[in-house]
Amino acid sequence: MSQVFTDEVVARAMEDTGSAPSSRRHHGLPHIHKVGTAPKQTLYQEIKHSVKETFFSDDPLSQFKGQSRKRKLVLGMQSVFPIVEWGRDYNLQKFKGDFIAGLTIASLCIPQDIAYAKLANLDPVHALYTSFVAPLVYAFMGTSRDIAIGPVAVVSLLLGTMLTDEIADSKSPDYLRLAYTATFFAGITQLALGFFRLGFLIDFLSHAAIVGFMGGAAITIALQQLKGLLGLKTFTKKTDIVSVMRSVWKPVEHGWNWETIVIGMSFLVFILITKYIAKKNKKLFWVAAIAPMISVVVSTFCVYITRADKKGVAIVKHIKQGVNPASASEIFFSGEYFGAGVKIGVVSGMVALTEAVAIARTFAAMKDYSIDGNKEMVAMGTMNIVASLTSSYVATGSFSRSAVNYMAGCKTAVSNIVMSMVLLLTLLVITPLFKYTPNAVLASIIIAAVMNLVDVQAAILLWKIDKFDFVACMGAFFGVIFKSVEIGLLIAVAISFAKILLQVTRPRTAILGKLSGTKVYRNILQYPKATQIPGMLIIRVDSAIYFSNSNYIKDRILKWLTDEEVLRTASEFPSIQSLIVEMSPVTDIDTSGIHALEDLFKSLKKREVQLLLANPGPIVIEKLHASKLSDIIGEDKIFSSVDDAVATFGPKGEVK
């Protein structure tokens with residue numbers, strides 16, 4: 001087949017490489033495709049495309065096109081309140097599943113709420129308020145069918161720790177006001193992320209960092225419960241493991257209460273046994289779900305009839321009866337604690353959102369339906385704003401309750417409404433009955449609940465797959481247990497960003513060789529039998545070329561060249577005359593990248609090595625033309641594939 005080149009390109013090729021192109025014509029050189037150029041876009045088109053892909057990749061407004069005004073109104077209502085859409089197909093059969101699931105998670109929710117409130121250093125009634133109001137709002141606005149909403153251990157601990165750092169006295173009225181303020185701004189943060197479609201920001205907290213943070217928080221939470229489990233009168237307000245263990249062992253001779261220990265350990269063993277039974281037999285999930293409520297009822301009755309509270313067993317005492325009072329006037333919108341409220345709200349809101357979205361995605365994948373991440377954020381944000389106005393604190397999705405909700409056969413978010421109604425009944429009628437509930441049982445409930453957050457298997461998998469991910473996981477883990485929840489979270493975020501920066505600034509490069517009998521070129525480390533082309537060095541750059549990595553890539557390519565020349569000289573292999581940069585993975589290049597390629601071209605020219613580019617993408621080739629670098633390198637030295645470059649400038653034996 002004849003060589004396909006324009007006269008100009010052939011002339012330039014002959015001028016640069018002698019008679020290489022003409023000599024190859026006699027050897028039947030295959031068709032050489034010239035690198036194509038995509039239609040040039042205006043600046044407006046480029047900005048429009050970037051904005052659309054970043055913020056509106058799902059094209060949310062497409063459903064409104066061509067619709068009547070009435071239909072647009074209905075679609076708008078469905079977008080804000082998904083219940084309007086799926087509620088039309090709701091029936092009695094679905095309600096049966098939701099009703100059973102709602103009752104089941106309510107039985108788990110009530111004792112957990114009373115326990116979690118203590119992590120936030122708040123009265124138990126505020127957690128009950130939260131589980132009444134927040135699920136109602138979410139049921140109308142959320143897109144997940146399975147997530148169960150309410151206070152959770154990690155967020156409660158984070159909130160309690162950060163609030164205590166600002167106001168040491170948790171009984172102070174300002175402490176409660178700051179909690180409402182933080183909840184309000186947590187909701188504002190979540191709502192803003194969803195409304196402005198910035199949900200991708202939460203993805204910067206890597207899975208590895210979350211695993212480590214959650215594991216460390218779980219151990220910290222469990223250690224905090226030793227106060228209630230052992231009946232200690234005094235306990236450190238710090239959360240690090242050293243301070244906690246000092247508080248535990250210092251009063252061991254006279255500070256531990258054996259009645260409290262017996263109660264706490266007995267019900268902890270009972271709850272763990274029920275969890276084991278449920279794990280072994282999925283149909284008995286309800287056994288583990290109702291175990292905390294049974295523990296509360298039985299222990300409360302035992303303490304009441306034996307008056308163990310007179311013997312040093314700490315009890316919950318009075319829980320305020322009635323529905324949520326309004327708290328809008330309690331929120332700090334100015335003054336000394338306004339800044340602290342915003343800071344705590346942003347941090348707790350982001351953590352709560354990360355946990356909720358992860359849970360929602362998990363169960364959506366299990367049931368094969370999709371959730372809208374931005375709608376979830378709007379729902380979570382609105383939910384927490386309403387919570388802050390009704391004497392509640394930060395709510396999010398609970399993994400343990402969501403798992404029970406899923407296994408109990410929930411069909412829609414109506415299970416959250418059922419749970420909320422049970423909480424309403426509890427607030428109106430049942431709360432006085434929790435007066436004699438021992439704190440030791442609440443401690444055992446929390447310990448049993450957070451044990452699943454320590455995911456050892458996930459950490460082992462991280463070690464096997466990616467050592468850097470394992471380091472990130474352990475950094476967050478040890479940061480939480482040896483310093484504080486905030487430091488652990490900061491380490492988790494810092495390591496996640498460090499990994500991104502490392503990958504961006506130090507991208508991988510690879511030497512390619514040809515697989516025998518094919519036109520395919522692959523990494524010689526992955527394919528040891530791939531053969532390098534005599535007189536040529538083929539290097540693939542596995543990243544976009546930006547200002548942050550352009551000099552590194554240039555220096556790395558020259559280092560590869562130097563090393564290969566030494567090896568080839570020692571093995572009497574022909575010296576390198578051409579260097580091919582395989583640019584398939586290079587999705588973009590900026591001005592610094594263009595300058596780096598030009599510097600590379602000049603350095604290679606001094607070494608009498610010609611630079612060839614293979615398969616630059618549409619954006620890259622457009623910028624090469626715009627910068628005139630394609631003219632400097634030579635249009636005849638830019639190819640659509642490595643094989644074309646080898647066929648043109650490689651040894652005659654390689655042309656097939």
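Start with Leu512: its bridge partner is Asn523, a residue of strand 4. The model you are looking at is predicted.

Now select residues 509-514, which make up strand 3. Strand 3 pairs with strand 4 in the antiparallel sense, over three bridges. Strands of a sheet pair through backbone hydrogen bonds, either parallel or antiparallel.

Six strands form it, in the order 4-3-5-6-7-8. The sheet is open and its pairing is mixed. Which strands stand at the edges? They are strand 4 (521-523) and strand 8 (638-639). Each has a single partner strand, so one side of each is left without a neighbour in the sheet.

Next, select residues 591-606, helix 24. Helix 24 lies across strand 6 (578-582) and strand 7 (610-614), and runs at about 140 degrees to strand 7. Then select residues 642-649, helix 27. Helix 27 packs on the sheet and touches strands 3, 4, 5, 6, 7 and 8. Its direction makes about 160 degrees with that of strand 5 (536-541).

Move to helix 22, residues 485-505. Its 21 residues reach 30 Å from the first C-alpha to the last, close to the 30 Å expected at 1.5 Å a residue. Select Val485, Gly488, Leu489, Ala492, Ile495, Ser496 and Lys499 in helix 22: they are buried. Why are they on the same side of helix 22? They cover an arc of only 130 degrees around the axis, which puts them there. An α-helix has 3.6 residues a turn, so residues three or four places apart point the same way. On the face turned away from the buried side of helix 22, find the exposed residues Leu490 and Leu501.

Another one joins Asp113 and Arg401, whose closest N and O atoms are 3.7 Å apart. Asp113 lies in helix 6 (residues 92-119) and Arg401 in helix 17 (residues 399-407), so the pair ties together parts that are 288 residues apart in sequence. Asp113 and Arg401 are buried.

Finish with Asp146 and Lys367, whose side chains meet in a salt bridge (2.7 Å, N to O). Asp146 counts as buried, at 0% relative accessibility, while Lys367 is partly exposed, with a relative accessible area of 28%.

Definitions and conventions. Residues are numbered from 1 along each chain as its sequence is written. This is a predicted model: local features need pLDDT of at least 70, side-chain atom pairs count only at pLDDT 80 or more; totals for chains, interfaces and linings use all residues. Side-chain values use heavy atoms; hydrogens and water are left out. Two strands pair if DSSP finds at least two bridges between them. Helices (H or I, at least four residues) and strands (E, at least two) are DSSP runs, numbered from the N terminus. Contact means heavy atoms within 4.5 Å. Axes are lines fitted to C-alpha atoms, for helices over the stretch in contact, and angles run from 0 to 180 degrees between N-to-C directions. The expected span of a helix is 1.5 Å times one less than its number of residues. Buried means under 20% relative accessible area, exposed over 50%, partly exposed in between (1.4 Å probe, protein chains only). The arc is that of the directions from the helix axis to the C-beta atoms. A salt bridge is a side-chain nitrogen of Lys or Arg within 4 Å of a carboxyl oxygen of Asp or Glu.
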